[in-house]
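Please look over the sequence and the structure shown below before reading on.

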Amino acid sequence: MQKIMVCIKRVVDYNVRVRVKPDASGVMLDGVKMSVNPFDEIALEEALRIKERGANIEVVAVSIGVADAQQQLRTALAMGADRAILVQTDAAVEPLTAAHAFLALAKKETPDLIFLGKQAIDDDANQTGQMLAAIWDRPQATYASKVEISAGKANVTREVDAGLETIEVDLPAVITVDLRLNEPRYVKLPDIMKAKKKPLEVTSLDALGVSAGVHLKVLKTEPPAQRQKGVIVKDVPELVAFLKQKGLI
Amino acid sequence: MHKILIVGEHDGKTLNPATAKCVTCATGIADAQISIALFGEDTSAVASQAAALSGVESVLRVDRPENAHPLAAILAPQLVALAADYTHVFGPSTSFGKDLMPRVAGLLGVAQVSDLMAVEGAYRYRRPIYAGNAIVTVESDPSRKLLATVRVASFQAAATGGNASIESKALNVALPTHTRYLGAKSGSTDRPDLQTASRVVSGGRALGSAENFKLLFSLADKLGAAVGASRAAVDAGYAPNEMQVGQTGKIISPEMYMAIGISGAIQHLTGIKDARTIVAINKDGEAPIFEVADVGLVGDLFQIMPELERLIGT
């Protein structure tokens, strides 16, 4: 194991309550706090823990997006990534495009492992890791809650609907991570200072030979249907009466 | 004519109800001709269940030893081979479908609509983004194959009574050997399955311990309900991960959802907002769960749970 690539997405911070624009053209993003996608933070943490256990592993954080996505890559460097690459574009990046850009980087970097979050909390697509594994023609282990690396292999416990499943994949492989894999570290001020000196390369989709195709046109963005607020009952017998009257018990 | 292939989910014995919900979704497309693909070691039992779903024309069985466990890397190239004759390929938005479908989309070089929640046309759909805080309407290019995962909470299961043809497919597809199944651990119980139960009782961090979850289990058993948990309760170790309800856990649509000691974080509400009736029990009358609940009771849940259990069925 020599190199781990971690894919990072700049997203609206998970604490922000997202609102839809009145003209249905999208969600309001002006002045909204942006952060590293929380699942990607877990992905990076896992890469760093593997690096800290082993000898001489390089962790490369990569992202695709606007120039300001350098901020999230700086966060990744402050957490402990060795260097970063931004594929800079102002275009809306669909999962398939992202997968092709990451594939181009994987061909250049030849990592032993690629970590991603299982999904980004903006588009909730849950596609990029699987698509990347497909076009890279390598194994995928999605929804990881435990990762063990041994010679040339990864033993991955996956969170599936029925419980937990364990698979073994040959490296190189793509691993997408779930919530309970680890708890990401806090970044300390000296690390933020140090991160400023770490290399951050900026490239483009063109330079990688990837086109940002639009496969899914977004026609409109609307708020979800709201549920009506119901009644408050005063005690358990009243609750039971309500449920009986509704035919629920 | 739209030819729609649905990937059936099963455990070798029983067809997962998510499949019947995908069928309902597909029947919402005009001029749809629907087939179900089944991958397994021996899919004879599940094939007859799939063939009985109303609206399905054919069931395609792909039986081979490598398909004993649903590994995306193994199934994807086979599904690509089957998909050649179809305009649409749908799978359920379960951990099985979410793992498999994007790998197929990647191999085909086409887009995927994740968590399809409403059909507005053969190539126009609605899906949630930002944990359900916004709903987008998306349109894809009709000249290309479309892949989708179907948000099962948004659709009722298709009725039975159909009589589809069943066909065994021998696919000449080379399979990778880089991915191997080692085993599974399930917290399986005699209780109803959380994803498909008509009644669900869920507990939050306010339960305070795994031990106290037993009160919840006892109440659930009295109701014949499945048991769920909030992410906070799972993170605190009170309940196993497969019980988690919410955006990052299971998205469910039971007839009755009873949230006990759950404050109602947005990511939790996303997982339950298709429930027919939401019942909230919480000591904090200001908890956001009461904003979406059809009926709420404010009070000490450790007094309420046993009393409720006692009064149910009297």
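## Backbone details in chain A

A:Pro172 has its place in the loop between strand 9 and strand 10 (173-177) of chain A, and the peptide bond that joins A:Leu171 to A:Pro172 is cis, with an omega of about 0°. This description, like everything below, refers to a predicted model.

A:Asp124 is not a glycine, and yet its phi is positive, at about 50°. As background to both details, most residues other than glycine have a negative phi, and most peptide bonds are trans.

## The contact between the chains

The contact between the two chains draws 87 residues from chain B and 73 residues from chain A. The area buried between chain B and chain A is about 6600 Å², and carbon and sulfur atoms give 54% of that area. On the side of chain B, the residues that lose the most area to chain A are B:Arg103, B:Tyr130 and B:Arg180, which together account for 11% of what that side buries.

Polar contact also links the chains, with a count of 46 residue pairs between chain B and chain A, both members of each pair being at pLDDT 80 or more.

## Salt bridges

Side chains of opposite charge can pair when their charged atoms come close. Over all chains the count comes to 35 salt bridges, and across the interface of chain B and chain A eight salt bridges are found.

In one salt bridge, the side chains of A:Asp170 and B:Arg180 meet at 2.6 Å, N to O. Because A:Asp170 lies in strand 9 (residues 163-170) of chain A and B:Arg180 lies in strand 11 (residues 179-186) of chain B, this pair joins two chains. In another, the side chains of B:Glu139 and A:Lys217 meet at 4.0 Å, N to O.

## Strands that pair across and within chains

Strand 12 (residues 216-222) of chain A pairs in the antiparallel sense with strand 8 (residues 134-140) of chain B, over six bridges. Within this pairing, A:Lys220 has B:Thr137 of strand 8 of chain B as its bridge partner.

Strand 16 (residues 295-298) of chain B pairs in the parallel sense with strand 13 (residues 231-233) of chain A, over three bridges, and B:Leu297 in strand 16 of chain B is the bridge partner of A:Val233. Strand 16 of chain B also pairs in the parallel sense with strand 15 (residues 277-282) of chain B, over four bridges, where B:Asn282 stands opposite B:Val298 of strand 16.

## An aromatic pair in chain B

How many aromatic pairs are there over all chains? The count comes to one. The rings of B:Phe213 and B:Phe217 have their centres 6.5 Å apart and their planes at 55°, so the pair is described as tilted. B:Phe213 and B:Phe217 are separated by about one helical turn, because they are four residues apart in helix 5 (residues 213-223) of chain B.

Conventions:
Residues are numbered from 1 along each chain as its sequence is written. Chains are lettered from A and ligands numbered from 1 in the order in which they are written. This is a predicted model: local features need pLDDT of at least 70, side-chain atom pairs count only at pLDDT 80 or more; totals for chains, interfaces and linings use all residues. Side-chain values use heavy atoms; hydrogens and water are left out. Two strands pair if DSSP finds at least two bridges between them. Contact means heavy atoms within 4.5 Å. Buried area is the accessible area (1.4 Å probe) that two parts lose on being put together, summed over both. A polar contact is a pair of N or O atoms within 3.5 Å; within protein, one must be able to donate a hydrogen and the other to accept it, and residues adjacent in sequence count only if both atoms are side-chain atoms. Rings of Phe, Tyr and Trp (its six-membered ring) pair if their centres lie within 6.5 Å; planes under 30 degrees apart count as stacked, over 60 as edge-to-face and the rest as tilted.
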